[in-house]
Amino acid sequence: MCPVIISTHISKMLSTAESKRPWRATYSAAKAAVKNLSASMAAEFAAANIRVLAYVPGMIATEIAAESIEKYGDALLADIPCRRFGTPEDLGKVLVFLASDAAGYMNGCHVEISGGKRCVQNPQFSYQ
């Protein structure tokens, strides 16, 4: 099957004000829409031998994220159980796997690449 990989990372498109985050509802709705769209596309395109997979990146240390990391680095790390920012290589390794035949039976999945950011309510739990 031919894979189509969709990112649910849309924050730069919708986030225009850092201080009060007026776009939180729009951001959440758009993120859910991308996830649901990818699942629907997976079901529709499977007959054409096309897989659709979505990935949910965490904070990845890139040029785009540099300003946020510089301003809020400690607070951001406090929410990541792995206690480090992701790298482009972290994303790349997973995306290469998803595009490969090794993931040939995966379809309609949402893969989180976030250092465990969303795996627990309290990221401090892993240290207590």
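Biologist: How many helices and strands are there in the chain, and in which order do the elements run from the N terminus on?

Modeller: Taking helices as DSSP runs of H or I with at least four residues and strands as runs of E with at least two, numbered from the N terminus, the chain has four helices and three strands, arranged as β-α-α-β-α-α-β. This is a predicted model, in which local features need pLDDT of at least 70, side-chain atom pairs count only at pLDDT 80 or more, and totals for chains, interfaces and linings use all residues. Residues are numbered from 1 along each chain as its sequence is written, and side-chain values use heavy atoms, with hydrogens and water left out.

Biologist: Where is I80 placed, and does I80 count as buried or exposed?

Modeller: Buried means under 20% relative accessible area, exposed over 50%, and partly exposed in between, with a 1.4 Å probe and protein chains only. I80 lies in the loop between helix 3 (66-78) and helix 4 (88-99), and it counts as buried because its relative accessibility is 2%. In the chain as a whole, buried residues make up 27% of the 128 residues.

Biologist: Which residues form the largest nonpolar core?

Modeller: In soluble globular proteins, nonpolar side chains tend to be buried together. A nonpolar core is a set of buried Ala, Val, Leu, Ile, Met, Phe, Trp, Tyr and Cys residues joined through side-chain atoms within 4.5 Å; the largest one here has seven residues, L53, Y55, I60, L91, L98, V111 and I113. At least two residues of this core come from each of strand 2 (50-57), helix 4 and strand 3 (110-113).
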